[in-house]
Amino acid sequence: MRHILKLHRDLTSDSLPQATHDYTIETFNTATHKQQWLDLNNHIFAHHADQGNWVMADLDNRINEDWFDPQGFFLATEKGVIEGFVWTKIHQDLVNQDPVGELYVVGTAPAHHGRGIARALSVEAINYFVTKGLKHAMLYVDADNEKGLKLYQSLGFN
């Protein structure tokens, strides 16, 4: 049985995380990135109940959601190849709460694990939330995802 944790981070502190990297970070382009992203997503999440085995209609459905913003969908590329991504979502419709930024999906090509891609992109996403004036960020992660938990805790999520 899956146990999913919801982690939070305050964005108003002076101690925002930093990351150095040698990747090109760009934002998602619906005209050029869709198929390559879909292939990578399905490779990364092949055994994941919610995020794996997507078809183009699944991606198009998300793109057509009111919350979708390609400026909040970050890709790490090398020579035009997507090696990792962080897709964000801003929850605007919370009752009696300020909008909250979510790290919606975080993924790195298995061949590039351990190179700091997820950290660099997550820092980019956190800074994006700050530029949008958000005060809080959150994410969901499987409780048994040790690498993910370690990364998110190092970024100030708890």
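1. Start with Leu134. Leu134 sits in the loop between α3 and β6. The model is predicted. Is Leu134 buried or exposed? Leu134 counts as buried, because its relative accessibility is 9% and the cut-off for buried is under 20%. Setting aside neighbours within four places in sequence, Leu134 contacts Leu11, Ile90, Pro99, Val100, Gly101 and Phe129.

2. Now the overall layout. The protein has 4 helices and 6 strands. Read from the N terminus, the elements run β-β-α-α-β-β-β-α-β-α. The C-alpha atoms fill a box of roughly 35 × 35 × 30 Å along the principal axes. The radius of gyration is 15 Å, which agrees with the value near 15 Å for a compact globule of 158 residues.

3. Contacts and surface come next. Among contacts with a separation of 6 or more, 68% join residues 24 or more positions apart. Of the 158 residues, 42% count as buried. The protein exposes about 8,800 Å². Carbon and sulfur atoms supply 48% of that area.

4. The sheet is open and has 6 strands. What is the strand order? It is β1-β6-β5-β4-β3-β2, with mixed pairing. The edge strands are β1 (4-10) and β2 (24-27), and each pairs on one side only. On average, neighbouring strands are turned by 25° against each other, direction ignored.

5. β2 pairs with β3 (residues 73-78) in the antiparallel sense, over 4 bridges. In this part of the sheet, Glu26 stands opposite Leu75 in β3. Two helices pack on the sheet. Helix α1 (residues 34-44) touches β3, β4 (81-91) and β5 (100-108). The direction of α1 makes about 90° with that of β4. Helix α4 (residues 146-154) touches β1, β5 and β6 (136-142). The direction of α4 makes about 165° with that of β6.

6. Next, the β3-β4 hairpin. β3 and β4 pair in the antiparallel sense over 6 bridges. Glu78 stands opposite Val81 in β4. The hairpin has 2 residues between its strands. Lys79 lies in the loop between β3 and β4. Phi of Lys79 is near 55°, a positive value in a residue other than glycine. Lys79 is exposed, because its relative accessible area is 88% and the cut-off for exposed is over 50%.

7. How many of the 11 residues of β4 are buried? The count is 9, and the strand is mostly covered. On its other pairing, β4 joins β5 in the antiparallel sense over 8 bridges. There, Lys89 stands opposite Glu102 in β5.

8. Asn53 is another residue with a positive phi. Its phi is near 60°, and the residue is not glycine. Asn53 lies in the loop between α1 and α2 (56-63). Asn53 counts as exposed, at 60% relative accessibility.

9. The largest nonpolar core has 26 residues. Which of them touch the most other members? They are Leu7, Leu103, Phe129, Leu139, Tyr152 and Phe157. The elements that give two or more residues to this core are β3, β4, β5, α3 (117-131), β6 and α4. α3 gives the most, with 8 residues. In soluble globular proteins, nonpolar side chains tend to be buried together.

10. Phe157 deserves a look in the viewer. Not counting residues up to four places away in sequence, Phe157 touches Leu7, His8, Arg9, Leu103, Ile126, Ala137, Met138, Leu139 and Tyr152. There is also a second, separate core of 17 residues. Its members include Ile63, Leu75, Ile82 and Trp87. Leu75 has come up already, as the residue in β3 opposite Glu26.

Note on methods. Residues numbered from 1 in each chain as written. Predicted model: local features only at pLDDT ≥ 70, side-chain atom pairs only at ≥ 80, totals over all residues. Heavy atoms only, no water. Pairing = 2+ DSSP bridges. Axes fitted to C-alpha atoms, helices over the stretch in contact; angles between N-to-C directions. Contact = heavy atoms within 4.5 Å. Core = buried A, V, L, I, M, F, W, Y, C linked by side-chain atoms within 4.5 Å. Buried < 20%, exposed > 50% of the residue type's maximum accessible area, 1.4 Å probe, protein only. Rg over C-alpha atoms; globule rule 2.2 N^0.38 Å. Areas by Shrake-Rupley, 256 points an atom, 1.4 Å probe, with all protein chains shown as cover.
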